[in-house]
Amino acid sequence: MSDSVRSELQGTIVSIEVAAGDTVPAGATLALVESMKLHHEITAPIDGAVLDVVVEVGSTVHPGDVVVELGPVPDSATVPVAAAEATTGPRGLERRDLSDVLARRHLGTDDARPEAVERRRARQRRTARENVADLIDDGTFVEYGPLVIAAQAKRRSHDDLVTRTPADGMIGGIGTVNGDRFDGSDARVIAVSYDYTVMAGTQGHRNHRKKDRLFELAERLELPVVFFTEGGGGRPGDTDTGGVTGLNCLAFTWFARLSGTVPLIGVNAGYCFAGNAAILGCCDVVIATEDSNIGMGGPAMIEGGGLGVYAPTDVGPMSVQRVNGVVDLVARDEEHATALAARYLSYFQGATDDWSCADQTELRDVVPVDRLRSYDVHDAIERLFDTGSVLELRREFGIGMITALARVEGRPVGVIANNPAHLAGAIDSDGSDKAARFMQLCDAHDLPIVTLVDTPGMMVGPDVEETALVRHCSRLFVTGANVSVPMISVVLRKSYGLGAQAMMGGSTKAPLACVAWPTGEFGGMGLEGAVELGYRKELEACSDDRERSALYRELVDRLYERGKALSIAEYFEIDDVIDPAESRRWISTLLESTPPRHTGVRTRPHVDTW
């Protein structure tokens, strides 16, 4: 009894792999038939002995034509073991095509570049791949463009480019961050890093194209971007670009368009100049190590402009950038910076279940009974929100205003608080810009806003007007009135004039709730100013300073009684006066009551870089 093995398609026999008398296992290749320029295997359906080969090389076959006749295996014969079954360990590594790819990919790893790694170690720096590996959860990174080389074939050999310009100086791909706390796409992120060991981390023609691809993915997949930006800016040495100036590069356009769409996190250690600094400056948050230097032009550009000769360390040191508002978070080193990036990202990844909070009765004693006694508002922030959840941004800039990310029962929120330790909480230009931009950030990425109010109003005087306060403080009104996320305001003490209104979106009735602690006091302007302005004649009529001082205190006390929180609540200008220990319950109740924002609805076009 025989088994006819037939062709399943029309073609030409180009190879016969067996002869009559051979014993073959099931799955063994009997012949190859070429059809439409591809070679297709004709295999044995069962273990068997070859009785006859019906065709020869060059024969044309049609579907159903017999190619080989198989018979049963003789008792005296042994069936060979199929090659697939004989293989042990990793399969396919003996293939030349795969081994070539693996060898080439290895050339871009740190293990293959010990001299480059050693140069980083000499500067107490990590490699780009080490930073990305530290950020991304183990085994989750998928890299785009690792085989790309610099566009310099007209001036360098191919072998040199492969060896010395791996990935064209930029590593990028998709992975997960905080995957132990967040599931699925919530944990996904696009991570990008310039590689300073490749031509000083400069922006090459092809790594611009890689950025374009990754930014496109960020928009299509709605994934956050974490970008390590160390590098020297544009690279003039690329020769294979097909252009002259490179001004038609689209990377900056695509990246800027991501603003307000997905979280953008910039991380820097070391030098960051020109185009690299532009990428960093477009980010929602800038995290930089203490030894960073950040500037829109490096030493060569400054000297080329005839502006003098400077060392890289003279340009944009952290002593400047941490107090002028460029840097949001200052890190000790790259490890700390990467940890801060992961922590910052977590607030935009969702709620957590593991939380605790301080004894809320401690809030009762944060604000002194003496209304003239100062206090540290950080004590209120740290106790009011989940323990260990507060991450303050731009701490050394606009110090009269505190902006922070935090959590309430695991839910992420944005916190804006007046700082009574600076100008008694009066709002100046820097504080206005800081708070308005933070409102935009929260609104863009769906974080509810909690404002803690203690301000005598806008700062006044000729000096502050020189800072364009009229324009800067008005940002708070325009931004606050247009946010679409929930806003909740808690008055800790002073709530006076335009400054107080600006902290609440323009009115005590603009937030979902405006509640006050028992220490709250309200007025169209500060009590002392109101007395001096409204009762000037009466005070001037006093016969001596003692009488004038007594009348002044009496009038201030009278206005305080009228403007204290309990009195204001009687007129329903605020929603309630509460025990400070009830603050979290108010906040969590409103957060639970807020419907989710419709996905895909973008209400704010971007987050201002300032």
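Helices (H or I, at least four residues) and strands (E, at least two) are DSSP runs, numbered from the N terminus. The model is predicted: local features need pLDDT of at least 70 and side-chain atom pairs count only at pLDDT 80 or more, while totals for chains, interfaces and linings use all residues. Residues are numbered from 1 along each chain as its sequence is written, and side-chain values use heavy atoms, with hydrogens and water left out.

Together with helix α7 (residues 251-258), β12 and β13 make a right-handed β-α-β unit. Right-handed here means that, with the strands pointing away from the viewer, the path from the first strand over the helix to the second runs clockwise. Five of the five residues of β13 are buried, where buried means under 20% relative accessible area, exposed over 50%, and partly exposed in between (1.4 Å probe, protein chains only). In a regular strand the side chains alternate between the two faces of the sheet. In β13, Leu264, Gly266 and Asn268 point one way, and Ile265 and Val267 the other way.

A further set of four strands forms an open sheet with antiparallel pairing, in the order β1-β8-β6-β3. Its edge strands are β1 (3-6) and β3 (23-24), each of which pairs on one side only. Strands β6 (residues 48-53) and β8 (residues 66-71) run antiparallel and are joined by four bridges. Val50 has Leu70 in β8 as its bridge partner.

Ile578 lies in the loop between β25 (576-577) and α21 (583-593). Its relative accessible area is 2%, so Ile578 counts as buried. Leaving aside neighbours within four places in sequence, Ile578 is in contact (heavy atoms within 4.5 Å) with Val515, Ala516, Trp517, Pro518, Ser583 and Trp586. The C-alpha atoms of Ile578 and Val490 are separated by 9.5 Å, although these residues are 88 apart along the chain.

The structure holds 33 salt bridges, each defined as a side-chain nitrogen of Lys or Arg within 4 Å of a carboxyl oxygen of Asp or Glu. One of them joins Arg95 to Asp97, with the closest N and O atoms 2.7 Å apart. Arg95 is partly exposed at 46% relative accessible area, and Asp97 is partly exposed at 42%. Another salt bridge is formed by the side chains of Asp195 and Arg113 (3.8 Å, N to O). This pair links distant parts of the chain, 82 residues apart: Asp195 is in the loop between β11 (188-194) and α6 (205-221), and Arg113 is in the loop between α2 and α3 (114-122). Asp195 counts as buried because its relative accessibility is 9%; Arg113, at 11%, also counts as buried. Salt bridges that share partners join Arg120, Arg125, Glu230, Asp291 and Glu334 into one network.

Leu98 is found in helix α2 (residues 96-107) and is partly exposed, with a relative accessible area of 31%.

Terms used: Pairing = 2+ DSSP bridges.
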